[in-house]
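Hi everyone, thanks for coming.

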Amino acid sequence: MKEINNIKIYAEETYEDMSARAAEIFCQELKEKPNGIFGFATGSTPIGLYKELIKRYENGEIDFSGITSFNLDEYYPIKKSSDQSYDYFMKDNLFNHINIRPENINIPNGEASDAQQECLRYEEKINSSPGIDLQILGLGENGHIAFNEPSDSFTEMTNYIELTESTISANSRMFDSTDDVPKHALTMGIGTIMNAKKILLLINSERKAKAAKEALFGEVTPECPASILQKHPDVVVVVDKAVADVLDI
Ligand code: GLP
């Protein structure tokens, strides 16, 4: 483990090693805070971590019955039943396989009739909780976190955003075609994310290396939303070798 720019970075060999390290960090937090509030992320990056958590749950090592979850974001509009929704993703990749209480799961509602109202509701729900103890994050190829896209200012609260062409194109691999990717999303703001007590950022693969370098070692700028994490007091980053090589760590 290295500490650079106030950020702890674990460089692991493979994706599986990265996921196992992340699971260890998550489980440590879960054991210390069995009634804690955990922020979850979607995308291909955390799937290995979620597989590890399911394995440890099945082995009786961990218990999710006391936790509350808040997911980072959701496409808008989207039906929860759509297999491209983040609601579906979380159930399929984690929640259906562990003992989290359904009433303790929070995901922005892609079916809400009023997107702005939904953002307010979601932000209030987070604010009325004791606060997120550990927030898992992935990184977009353009430096985004959750769906906070490069811009000229950092977003504060949960907000309704228009996705950039680059994100639509990056995420189109999960859809039948680029045209099927929703053009908007609901996302925790940068301010919401920065309020989390601890952040666990996972970055793997060559295609993320440039964004990783800018986020961790570049200037803090809303042009690279993840760069704000340099200002958070407790960030742990876990990367694979492809990223570690480019970061030169
Ligand atoms: C999406 C999500 C992000 C995620 C990013 C990276 O746009 N909104 O939360 O971190 O993509 O996805 P992947 O892990 O599939 O590369």
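First, a term: helices (H or I, at least four residues) and strands (E, at least two) are DSSP runs, numbered from the N terminus. This is a predicted model, where local features need pLDDT of at least 70 and side-chain atom pairs count only at 80 or more, while totals for chains, interfaces and linings use all residues. Residues are numbered from 1 along each chain as its sequence is written, and side-chain values use heavy atoms, without hydrogens and water.

Now, the pocket. On a 1 Å grid over the protein atoms alone, a pocket is an open set of points where a 1.4 Å probe fits, with protein on both sides within 12 Å along at least five of seven lines; lining residues have an atom within 4 Å of a point. The largest pocket is lined by 35 residues, and T42, G43, S44, Y86 and N171 lie nearest its centre. Two or more lining residues come from each of β5 (73-76), α3 (86-93), α5 (165-171) and α7 (206-217). Which element gives the most? That is α3, with five residues.

Around the ligand are 15 residues (a heavy atom within 4 Å), and the closest are S44, T45, D73, R173 and K208.

Let's finish with some polar contacts, pairs of N or O atoms within 3.5 Å. A side-chain N or O atom of R173 is 2.9 Å from a ligand oxygen, and a polar side-chain atom of N171 lies 3.2 Å from an oxygen of the ligand.

Notes:
A polar contact is a pair of N or O atoms within 3.5 Å; within protein, one must be able to donate a hydrogen and the other to accept it, and residues adjacent in sequence count only if both atoms are side-chain atoms.
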